[in-house]
Amino acid sequence: MRELQVPEIVRARALLRGEEGRRWVDDLPAVAASLAREWDLETIGVLTGGTDALVVSCRTRDRQEVVLKAMMPGLTPGNDQVRALLAFGGRGYVTVLRHDPDRNAILMEKLGPQLSELGLPVSAQIEAICATLRETWSASPDGGGFMTGAEKADSLATFIAGLWRDFAGVCSQRAVDVAYHFADLRREAFDPDTCVLAHGDAHAANTLAVPGDEACFKFIDPDSLFVERAYDLAIPMREWGEKLLAGNPLELGRRRCELLARLTGVDPEPIWQWGFIERVSTGLLLHQLGEPRLAREFLAVADAWAAA
């Protein structure tokens, strides 16, 4: 088996979890080797892009290309990611071929390139993400047992508060206050009758082309939430900050929000509110992970939006 190097961002994210994360990183090579032996896999190399798992390109005995993923423990209570992938059964999501709940590992079909790698304009990427989201929303698997939208709003507010204590000043107090206010509104608006089993992190790097049909896409790495559709659309609102900073961030942000609403039929105001919360929380997380340049981009847009 090839020697597998854990990506630095995965290592950094794991070490934030203390002793449990350190043990997970230390054990990863042995866990991956054991899974490869048991599932009769030839490892090709580590795939980049993830932050919470070791993802390895592999081949089966019959030369089929597959992907092995060993996930960090504790980030998805009840192994929600695997449960969601199995619930969708390949509809709009990557197909799971095997899974090992004890080692928090799955074997998946190999998809094509990430949407982010195809050189498409942002508007076309947004259209592809929205089309894939509409497919997954229509599948409507049971959302019972997954984190709810109300719980997500609370958890994001708590997360922002914790990091703001450590990194006060990296964005405006007003941006943080607006994020808290919007989190309160989304918690109060939670209605299970309007919720779906959402992806929760539907950005262009989690949207992969279906081999043989690069106009069709599937999602990987769901966060798996029982939440209003607007939350899934908050993720495209959170992305491509450099495009927003190239002009008037507020005007360009509102245009993007209107586009997302038009493509999906979802009310724009919840999209805007969730998008704002996500931009602040992700910017603070990137600062914690030692990515100050990216953090500044996320938070500069949040400051511009909050100032209005």
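Which residues does Trp 274 touch, not counting residues up to four places away in sequence?

**View 1. Trp 274 and its contacts.** Trp 274 touches Gly 149, Lys 152, Ala 153, Leu 156, Arg 186, Val 227, Glu 228, Ala 230, Tyr 231 and Ala 234. Contact means heavy atoms within 4.5 Å. This is a predicted model: local features need pLDDT of at least 70, side-chain atom pairs count only at pLDDT 80 or more, and totals for chains, interfaces and linings use all residues. Residues are numbered from 1 along each chain as its sequence is written, and side-chain values use heavy atoms, with hydrogens and water left out.

View 2. Strands (DSSP runs of E, at least two residues, numbered from the N terminus) pair if DSSP finds at least two bridges between them. Strand S2 (residues 53-59) runs antiparallel to S3, joined by 7 bridges. Ala 53 stands opposite Met 71 in S3. The hairpin has 5 residues between its strands, and Arg 63 in the turn has a positive phi of about 75°.

**View 3. Strand S3 inside the structure.** In S3 (residues 65-71), 6 of the 7 residues are buried, so the strand is largely enclosed by the rest of the structure. Buried means under 20% relative accessible area (1.4 Å probe, protein chains only). S3 also pairs with strand S5 (residues 105-109), antiparallel, over 5 bridges. Here Leu 68 stands opposite Leu 107.

**View 4. Helix H9 and its ends.** H9 covers residues 249-264; helices are DSSP runs of H or I, at least four residues. Its buried residues include Pro 249, Gly 253 and Leu 260. Asn 248 caps the N-terminal end: a side-chain oxygen lies 3.0 Å from the backbone nitrogen of Leu 250. Just after H9, Gly 265 takes a positive phi of about 75°.

Note on methods: Buried means under 20% relative accessible area, exposed over 50%, partly exposed in between (1.4 Å probe, protein chains only). The expected span of a helix is 1.5 Å times one less than its number of residues. A polar contact is a pair of N or O atoms within 3.5 Å; within protein, one must be able to donate a hydrogen and the other to accept it, and residues adjacent in sequence count only if both atoms are side-chain atoms.
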